[in-house]
Amino acid sequence: MERERDSGGGEEGLKRLARAIERFGEVYQRVEAEKLRQMVELEKQRMQFANDLEVQRMNMFMDTQRSNHGKRSASNGYSPYTMKRAFPWDEQVDVISSDDSSSSDMEMETNIESDSKQLTNNTTSDQPAKERTSEGALVRRAEMYQEYMKQIPIPAHRGSVIPFTSWMGLGKSIKQLYGQPLHYLTNILLKQWDQLRMGSEEEYRPLDTIIHPCKAEATIWLMEEVHRHTSSHYHIANLWLSDPMHHAFVDSIFPQLRSKS
């Protein structure tokens, strides 16, 4: 009998010990879960603070770079400024085309002639006179736009490192920093490059951690130089004709051009 009582008491003690260990485990889990929640909350606050600090740093950086670039440009007789007014190529003025082409440009001239014929073929004989006049005016505006963009010099002093997360974001920073518009074709290309990233593994990764900012900026200026000096206004007019929202990619930034002596 005594052995049975001892055995029963021992089993009861083990059960109580097991329940105590189980309760201790539950309390420990709750404590650890609370600690994890607090750590996550602190990490969120830290990330928000770092983000706010980065935005403030970028704003200060852009202000400083704009100020320094403005001083360098003023000393060279070129002062950029932004102004909201009518586009120069919308005015009815004559533009003298450059005749600097050489025999090595025959292939380019062939492409320009092809664009010209394509635009002319779009204006068929059964179109109303008003529509033909509208297309002719569009070609004229494209020609004036191209001549205007050709006169804007590419910045010679580029020592900045611009943080960026997207191609269009970098383009916007460049416009603000140098006070210059980017060519319509450049803006379209930057938009297409951003669209290429959609659905990729690196879609949400900041671009400046993939491509060095100096290399990315140099790439944009190289494209800009090509678009400013080699683009056909017939090709631009064709694109404008097929895109009624093309004005969204024509920058309303008008730098003061250096007067020709």
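Author: A residue counts as buried when its relative accessible area is under 20%. Keep that cut-off in mind. The model here is predicted.

Reader: Why is Lys-175 called buried?

Author: Its relative accessible area is 17%. The cut-off is 20%. The value falls under it, so Lys-175 is buried.

Reader: Where does Lys-175 lie, and what does Lys-175 touch?

Author: Lys-175 lies in helix H4. Leaving aside neighbours within four places in sequence, Lys-175 is in contact with Gln-180, Leu-182, Asn-187, Asp-251 and Ile-253.

Reader: What makes the pairing of Lys-175 with Asn-187 a polar contact?

Author: The limit for such a pair of N or O atoms is 3.5 Å. The side chains of Lys-175 and Asn-187 are joined at 3.2 Å. Lys-175 also has a polar contact with the side chain of Asp-251, at 3.1 Å. Both values are within the limit, so both pairs qualify.

Reader: How do you know that the span of H4 is close to the expected one?

Author: H4 covers residues 167-178, which is 12 residues. From first C-alpha to last, H4 reaches 16 Å. At 1.5 Å a residue, 16 Å is expected.

Reader: Which residues of H4 are buried?

Author: Among them are Trp-167, Leu-170, Ile-174 and Lys-175. Leu-177 and Tyr-178 are buried too. Residues three or four places apart on an α-helix point the same way, because there are 3.6 residues a turn.

Reader: What makes Ser-166 a cap for H4?

Author: One of its side-chain oxygens lies 3.1 Å from the backbone nitrogen of Gly-169. That caps the N-terminal end of H4. After H4 comes Gly-179, with a positive phi near 65°.

Reader: Why is the pair of Tyr-145 and Trp-240 called tilted?

Author: A pair of aromatic rings is described by the distance of the centres and the angle of the planes. Here the centres are 5.5 Å apart and the planes stand at 55°. Under 30 degrees would be stacked, over 60 edge-to-face. The angle falls between these, so the pair is tilted. Tyr-145 sits in helix H3 and Trp-240 in helix H7, 95 residues apart. Together with Tyr-184, Tyr-145 and Trp-240 form one aromatic cluster.

Reader: Are Tyr-145 and Trp-240 buried or exposed?

Author: Tyr-145 has a relative accessible area of 1%, so Tyr-145 is buried. Trp-240 has 4% and is buried as well.

Reader: Why does Ser-231 count as buried?

Author: Its relative accessibility is 16%. That is under 20%, so Ser-231 is buried. Ser-231 is found in the loop between helix H6 and helix H7.

Reader: What does Ser-231 touch, and what does its side chain reach?

Author: Not counting residues up to four places away, Ser-231 touches Gln-146, His-183, Leu-185, Val-226 and Ile-236. Its side chain reaches the backbone oxygen of His-227 at 2.8 Å. Ser-231 and His-183 are 48 residues apart in sequence, yet 10.0 Å apart in space, C-alpha to C-alpha.

Reader: How many helices and strands does the protein have?

Author: There are seven helices and zero strands. Of the 261 residues, 29% are buried.

Reader: What is the mean pLDDT of the protein?

Author: The mean is 76, and 66% of the residues reach 70 or more. Over residues 78-85, the pLDDT is below 50. Residues 91-106 stay under 50 too.

Definitions and conventions. Residues numbered from 1 in each chain as written. Predicted model: local features only at pLDDT ≥ 70, side-chain atom pairs only at ≥ 80, totals over all residues. Heavy atoms only, no water. Helix = DSSP H or I, 4+ residues; strand = E, 2+ residues; numbered from the N terminus. Buried < 20%, exposed > 50% of the residue type's maximum accessible area, 1.4 Å probe, protein only. Contact = heavy atoms within 4.5 Å. Polar contact = N/O pair within 3.5 Å; in protein donor to acceptor, adjacent residues only side chain to side chain. Expected span 1.5 Å × (residues − 1). pLDDT = per-residue confidence, 0-100. Phe/Tyr/Trp six-rings, centres within 6.5 Å; stacked < 30°, edge-to-face > 60°.
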